Amino acid sequence: MKSVASASIALDVIRVQMGLAPLKALQTSVHLNTHCNLRCSYCFIATNPNYPTGYKESGLPLEKMKIVLKNLSGSTHNVIFTGGETFLYKGFADLLVYAREELSFDSLSAISNGMFLESKPEILNRLDHVAVSYDLMRRNQYPDILDNVLNSIIRLRRDGRIKEGQVYFNCTIAEHETIADWSGFLDLAANNGLRIFVQPVRDGFGNLDSWEPFNALVLEIRKRYGYQIFVNCKTYLGEYDHKLTKKVCHPKARMYVDVWGNLVYPCERFAGSNLGNLAVPDFPVARKWAEAEAREKFPSSKCEKCAYNCVFGNSIPYRRPIRTIITSVSAKFHER
Ligand SMILES: C[S@@+](CC[C@H](N)C(=O)[O-])C[C@H]1O[C@@H](n2cnc3c(N)ncnc32)[C@H](O)[C@@H]1O
Ligand code: SF4
Ligand code: SF4
């Protein structure tokens, strides 16, 4: 069973890299909540019209969220939960137990501000990956908190309470930042075998005017620390641009579910247009997606200035076939 699952993801990864639709999404981002204990200056929840209620949403009740996951289970290899602060979603540990025991995802991950990794092991220990956000904008705003987060990750890693590769950093980079600004953090990450996912800060509509400053910094990081520090798909490192082809964006590679449980087509940049609510039993995800694709194909001219993940590493960390197989097999062996 394990090898069949790994082969099936690896084949889909290869299909995406060839510009073909995967049979299942490599990964689906499920928005658990918008509640958060921080207020990062650049956070899109405060500025993006997709979040008309700002930080007010505590998320669907657990039983409804289970239905959302059940509906997704035949249509995505992996799930990554986002927020708000995901570790504050009430019932998260129970949701993960349900997903792991009753459904057949290859992995379950979350994006988090990292403040609850040690105090909520019942969540941490049930996640295959946690992308902990660390960036200079946040560090300037909350220096003590970010120091604590960094120290706690290093402690967890040294004590063997997180596996190699289980936690990586989500680094959001602002236009004026330089390698000198980043090097203290990057040295620490590299010296502790921790990897980074890099992305540019997007404006309130999910746009980016120019990739140039971001590409230049990514190339400098690559030169100093090598490819291995990145979780991003290495094919495009430092070469991101607004020329959209299926090779860099096949929307089905990474589906998105909004905080109300709606399946969004084609991606979160179009969160206003959804295909229906997944909190209703027996929602036909694959059929609805195929119907939407037949009506309107993406990427298209509507994607102009898109700064979303698909352009620069959609479905990380599952975009590298070899790494995907290793991740998947090790996740299966790591019974919790
Ligand atoms: C909204 S947060 C939710 C998870 C968690 N609260 C955290 O901060 O990691 C998800 C990711 O989006 C990033 N993010 C927030 N605002 C952004 C923006 N305007 N552009 C790009 N990334 C942004 C955060 O840094 C974080 O890595
Ligand atoms: S921790 Fe995450 S959700 Fe909370 S304000 Fe910061 S970016 Fe937004
Ligand atoms: S807006 Fe971006 S992520 Fe969405 S379909 Fe277009 S290129 Fe892909």
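A residue counts as exposed when its relative accessible area is over 50%, as buried when that area is under 20%, and as partly exposed in between. These words are used in the legends below, which show close-up views of a predicted model.

**View 1. M18 and a nonpolar surface patch.** M18 is found in the loop that runs between α1 (2-17) and β1 (25-31). Its relative accessible area is 55%, so M18 is exposed, the cut-off being over 50%. Together with I14 and L20, M18 makes a nonpolar surface patch of about 270 Å².

View 2. With 27% relative accessibility, A21 counts as partly exposed. Which residues does A21 contact, leaving aside its neighbours within four places in sequence? They are R15 and H250. A21 and H250 are 229 residues apart along the chain, yet their C-alpha atoms are separated by 6.5 Å.

**View 3. Helix α9 and its two sides.** Helix α9 covers residues 212-225. At 1.5 Å a residue, its 14 residues should span 20 Å, and the end C-alpha atoms are 20 Å apart, which agrees. The buried residues in α9 are F214, N215, L217, V218, I221 and Y225. Seen down the axis of α9, these buried residues fall within an arc of 165°, so they line one face of the helix. They pack against β5 (167-173), α8 (179-191) and β6 (196-200). On the face turned away from the buried side, α9 carries the exposed residues E212, K223 and R224. After α9 comes G226, whose phi is positive, near 85°.

**View 4. The buried residues of helix α4.** Helix α4 is made of residues 92-102. Its buried residues are F92, A93, L95, L96, Y98 and A99.

View 5. Side chains of opposite charge can pair when their charged atoms come close. K66 forms a salt bridge with E63, and the closest N and O atoms are 3.4 Å apart. Both K66 and E63 lie in helix α3, three residues apart, which is about one turn of the helix. An α-helix has 3.6 residues a turn, so residues three or four places apart point the same way. Is K66 buried or exposed? K66 is buried, with a relative accessible area of 18%.

**View 6. A salt bridge between R100 and D128.** The closest N and O atoms of the salt bridge between R100 and D128 are 3.1 Å apart. This pair links distant parts of the chain, with R100 in helix α4 and D128 in the loop between α5 and β4 (129-133), 28 residues apart. R100 counts as partly exposed at 29% relative accessibility, whereas D128 counts as buried at 4%.

View 7. R155 forms a salt bridge with E118, in which the closest N and O atoms are 2.7 Å apart. R155 lies in helix α7 (residues 143-158) and E118 in the loop between β3 and α5, so the pair ties together parts that are 37 residues apart in sequence. R155 counts as partly exposed at 39% relative accessibility, and E118 counts as partly exposed at 29%. Salt bridges link E118, R155, D159 and R161 in a network. The count of salt bridges comes to ten.

Terms used
Residues numbered from 1 in each chain as written. Chains lettered and ligands numbered in written order. Predicted model: local features only at pLDDT ≥ 70, side-chain atom pairs only at ≥ 80, totals over all residues. Heavy atoms only, no water. Helix = DSSP H or I, 4+ residues; strand = E, 2+ residues; numbered from the N terminus. Expected span 1.5 Å × (residues − 1). Buried < 20%, exposed > 50% of the residue type's maximum accessible area, 1.4 Å probe, protein only. Arc of directions from axis to C-beta. Contact = heavy atoms within 4.5 Å. Patch = residues over 30% accessible without salt bridge, like charges linked within 9 Å, V, L, I, M, F, W, Y side chains within 5 Å. Areas by Shrake-Rupley, 256 points an atom, 1.4 Å probe, with all protein chains shown as cover. Salt bridge = Lys/Arg side-chain N within 4 Å of Asp/Glu carboxyl O.
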